[in-house]
Protein chains: 2
Amino acid sequence: MSRANRLLDLLQALRRHRYPVSGHLLAQDLGISLRTLYRDIETLKAQGAHIEGEAGVGFVLRPGFMLPPLMFTPDEIEAIVLGSNWVAKRADAPLSAAAKNALAKIAAVMPDDLREMLDTAGVMVGPGAPITGGDIDLGVLRAAIQAERKLAIAYTDGKGAASERVIWPVALAFFDSVRVLVAWCETRTDFRHFRCDRICSIRTLTAKPPKRRRALLKAWRVKEGVPEP
Amino acid sequence: MSRANRLLDLLQALRRHRYPVSGHLLAQDLGISLRTLYRDIETLKAQGAHIEGEAGVGFVLRPGFMLPPLMFTPDEIEAIVLGSNWVAKRADAPLSAAAKNALAKIAAVMPDDLREMLDTAGVMVGPGAPITGGDIDLGVLRAAIQAERKLAIAYTDGKGAASERVIWPVALAFFDSVRVLVAWCETRTDFRHFRCDRICSIRTLTAKPPKRRRALLKAWRVKEGVPEP
DNA sequence: CGACTGCTGACAGAATTTGGCATGATGATG
DNA sequence: CATCATCATGCCAAATTCTGTCAGCAGTCG
């Protein structure tokens, strides 16, 4: 692998990590020594890449570098197709439609030969367990998550016990056959998981949770032991 | 000026000229010999640049090497994030890496305000049933599917009966906990489904199936009653 | 046909790249 | 405050590569 290739790879590696990444890790990824990595980063900086290195933290590539990323590789196309198809097949209707639209937009900017690969991609999503729907609108949940609003819900748990709660929605998790709303429950003052098909009603409140969703998500990750993506 | 820098410059120079440029001129621009220019162009081509050289005309960089800016709706962003994460989590290693790279590339060409939504997307992929791996390399399967090559496989079916077959691979289907290769089996002269974890060995043959993959896929869809995507 | 231009191979000397080590500096963490 | 992780830079010898030159073949254009 020549140096030129590696520099583009390094750029892509930096793009991949949207959070600070240590030079040690990058060097390992690229199979080069730490010293060489510093030199490569120096070169990229000289070319105009906004790479910021902070001691004790790592490197971040600030967006806006004049050199746009390269076109997708065949593997990446397959990954995109597979991902979009999964969402189109397994998510709720609005998200499913959005997945199809997004794929169309991506297809629009690809050269002809690659666009063909979209249709002939050799990957498919197999039929899965039927998704226990419930009749609530996931769009409302997603909107509340995005807008960071409290929700008042009526919920029936696994034992059939009904309850009404005010929760702070954090994220919507898609399992193979069920969807789960991750939220902070004001009643229990702790995180709770609500199966969407057991939520009987939702009302979006105007009040905002006192903590930012980001912080909540982090706290939840810690509690559940979910690694950072 | 190091070579790495020069390659990036060459790319920019090619992008500037929308009409064929002679190698001589490019070489002069960059201050290198003609021979070196050819070598540089070779290197860029190896990286995926669609540079076309026609004798008596010059070089043109066909569009499609770089990814142009992309715009998405909030729902589409959530769909893309969800899809990529699903692939990153549930597909085999190379495809998983490709999903991360693709997402990074898409992120790099989105407007700033949209890019932020990537991090705050409120959708997640829940943990799923563990995927029964098998020790064959799915990359080999995907490559054979794309290249339309026959495969010689050793397979052990659900009843424990082992067999060796020559098949025409059509598609790779991702189920919740298992992956299945869809293929035409020469022995049975019909379509068969092979669980990847039961494929003991693969050998890619040089022979191509007599029918195009597209036609096979269509025939399979008809047989199985799978609707067009 | 002749003038261009793309494309490739071989080769030897020049230039660059690389890894390792040593040394600072800075920010995070407890 | 001490410790750790990390960024950053200089130096050097060995290894790698890059480069220009020359030579030849194959297309295109007028």
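## Helix H5 of chain A

Let's start with helix H5 (residues 93–108) of chain A. Its 16 residues should span 22 Å at 1.5 Å a residue, and the end C-alpha atoms are 23 Å apart, which agrees. The expected span here is 1.5 Å times one less than the number of residues. Helices (H or I, at least four residues) and strands (E, at least two) are DSSP runs, numbered from the N terminus.

This is a predicted model, in which local features need pLDDT of at least 70 and side-chain atom pairs count only at pLDDT 80 or more, while totals for chains, interfaces and linings use all residues. Residues are numbered from 1 along each chain as its sequence is written, and chains are lettered from A and ligands numbered from 1 in the order in which they are written.

Which residues of H5(A) are buried? They are Leu95(A), Ala98(A), Ala99(A), Ala102(A), Leu103(A) and Ile106(A). Seen down the axis, the buried residues of H5(A) fall within an arc of 135 degrees, so they line one face of the helix. The arc is that of the directions from the helix axis to the C-beta atoms. On the other side of H5(A), Ala93(A), Ala104(A) and Ala108(A) are exposed. A residue is buried if 20 or more other C-beta atoms lie within 10 Å of its own, exposed if 12 or fewer, and partly exposed in between, with C-beta atoms placed from the backbone.

The buried residues of H5(A) pack against helix H4 (74–90) of chain A and helix H4 (74–90) of chain B.

## Where the two chains meet

In this model, 65 residues of chain A are in contact with 68 residues of chain B. Contact means that the C-beta atoms of two residues, placed from the backbone, lie within 7 Å. H4(A) gives the most to the side of chain A that touches chain B, with 12 residues. By class, that side of chain A has 38 nonpolar, 15 polar and 12 charged residues. Ala, Val, Leu, Ile, Met, Phe, Trp, Tyr, Cys and Pro count as nonpolar, Asp, Glu, Lys and Arg as charged, and the others, Gly among them, as polar.

## The DNA strands

How many residues surround DNA strand C? There are 25, and the closest are Thr36(A), Ala55(A), Gly56(A), Gly23(B) and Gly53(B). A residue is near a strand if its C-beta atom, placed from the backbone, lies within 6 Å of it. The surface near DNA strand C has seven nonpolar, 10 polar and eight charged residues.

Around DNA strand D there are 24 residues, the closest being Gly23(A), Gly53(A), Ser33(B), Arg35(B) and Thr36(B). H3(A) gives the most to the surface near DNA strand D, with four residues. This surface divides into six nonpolar, 10 polar and eight charged residues.

## Two loop residues in chain B

Most residues other than glycine have a negative phi. Glu148(B) is not a glycine, yet has a positive phi of about 55 degrees. Glu148(B) lies in the loop between helix H7 (138–147) and strand S4 (151–156) of chain B, and counts as partly exposed because it has 18 C-beta neighbours inside 10 Å.

Thr189(B), also not a glycine, has a positive phi of about 45 degrees. Its place is in the loop between strand S6 (179–185) and strand S7 (190–195) of chain B. Thr189(B) counts as exposed, because it has 7 C-beta neighbours inside 10 Å.
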